[in-house]
Amino acid sequence: MKRVLLGLSFAICHLSFSFAQTSTSSYQPGVNAEGAVYFLPKTAVRITLQIEKTTYRPGEFAKYADRYLRLKNVSTEASVDYRITNIRQEAIGVADTTKGFSVKFDPKTVAANIALSDDGVLLAVNATPSPLQLQAPFKAAPRPRLLNPRELMSEEILAAGSTAKMAELTAQDIYEIRESRKLLVRGQADNMPQDGEQLRLMLNQLEAQDRSLTSLFSGTTIRDTTEHIITIVPVKETERQLLFRFSKKLGLVEDDDLAGEPYYIRVVNLHAVPMPEEDSKKKKQESGLYINVPGKMKVTIFDAVEPLVSTELPAAQFGNIELLSGALFNKRYATHLWLNPVTGAVERLEAEQPK
């Protein structure tokens, strides 16, 4: 965020504004010799996808899973699968370069402290902008550690002359581990632990050994979840616009890759703000600060079958512009203004009359 402390005196009651009809490279936000230039924001939609990748690797003894452990339908082929576990939407603000304004300063009045975002959006006057609260990024849970089953194999198993014999002996060890665990739980083991904590540790160790050796038959499944962010800036209503393509075998793919199923977005202007009746040309001749009066939009993400998520969000681009009177900022008042960084609307206004 850029904070600009103006050494010049500043009176918004004597400000002049110019509205930028088109964006040009020379029209840059900030402070120049004559005054300041700022943008109002438009509302973007930040779409966060959580995608889970499941990787299956068959075990060394996969083809003997049914014979020795009665595990049905164990695949002997490796596979990778993807699925979308969560979709969420939130509104963020970006600079609207079609809503650029310049303001001139009057050296005979009070100084002003203007805060702009990094892309030139007006955030506050004589105040510290409020931080934008976004949803916390996804943090993956730590992956449980799996013991190396080779390190648990006895000398007899490792010396077996065939894979089938190794599978048979490993299965026998698994059944012995399960029997030992059952006896501990029932309190019938020959060497029972002295306290509950020792019992817990022994049971956890037996469980880890069972899981590791069983993976030689059932295979291992690893799940990884990642976040992907898509940002769009609606400029008008749309009924069916391609948002992304997703494949259960490849994950997110390019928009032109037909291996992925299409997911669409619909944007509806809710017309929450009536159009202003006052002559806009007359307002542009007055002094003050221009602000947004945001509208609302309904954003729906759907696939070929059904809607997946639908959210109502504020939308600066579906509202209108109003003039905040410059009289609020003359030298008789210590005025503090906070604007919403997403919509450009007045979030808070405090005016203190000097003692």
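**Contacts, sheet order and a buried glutamate**

Residues 24 or more positions apart account for 74% of the protein chain's contacts with a separation of 6 or more, a contact being heavy atoms within 4.5 Å. The model is predicted: local features need pLDDT of at least 70, side-chain atom pairs count only at pLDDT 80 or more, and totals for chains, interfaces and linings use all residues. Numbering starts from 1 along each chain as its sequence is written, and side-chain values use heavy atoms, with hydrogens and water left out.

The protein chain has 6 helices and 15 strands. These are DSSP runs numbered from the N terminus (helices H or I, at least four residues; strands E, at least two). Of the 355 residues, 41% are buried, meaning under 20% relative accessible area with a 1.4 Å probe, protein chains only. The accessible surface comes to about 20,400 Å², and carbon and sulfur atoms hold 50% of that. Areas follow the Shrake-Rupley method with a 1.4 Å probe.

Five strands form an open, antiparallel sheet in the order S10-S9-S11-S12-S13. Pairing requires at least two DSSP bridges between two strands. Within the sheet, S11 (residues 261-269) and S12 (residues 288-302) share 6 bridges in the antiparallel sense. Valine 268 has lysine 298 of S12 as its bridge partner.

Glutamate 90 lies in strand S5 (residues 79-104). Glutamate 90 counts as buried because its relative accessibility is 8%. Residues up to four places away in sequence aside, glutamate 90 touches Ala44, Val45, Arg46, Leu134, Gln135 and Leu313.

Technical notes:
Buried means under 20% relative accessible area, exposed over 50%, partly exposed in between (1.4 Å probe, protein chains only).
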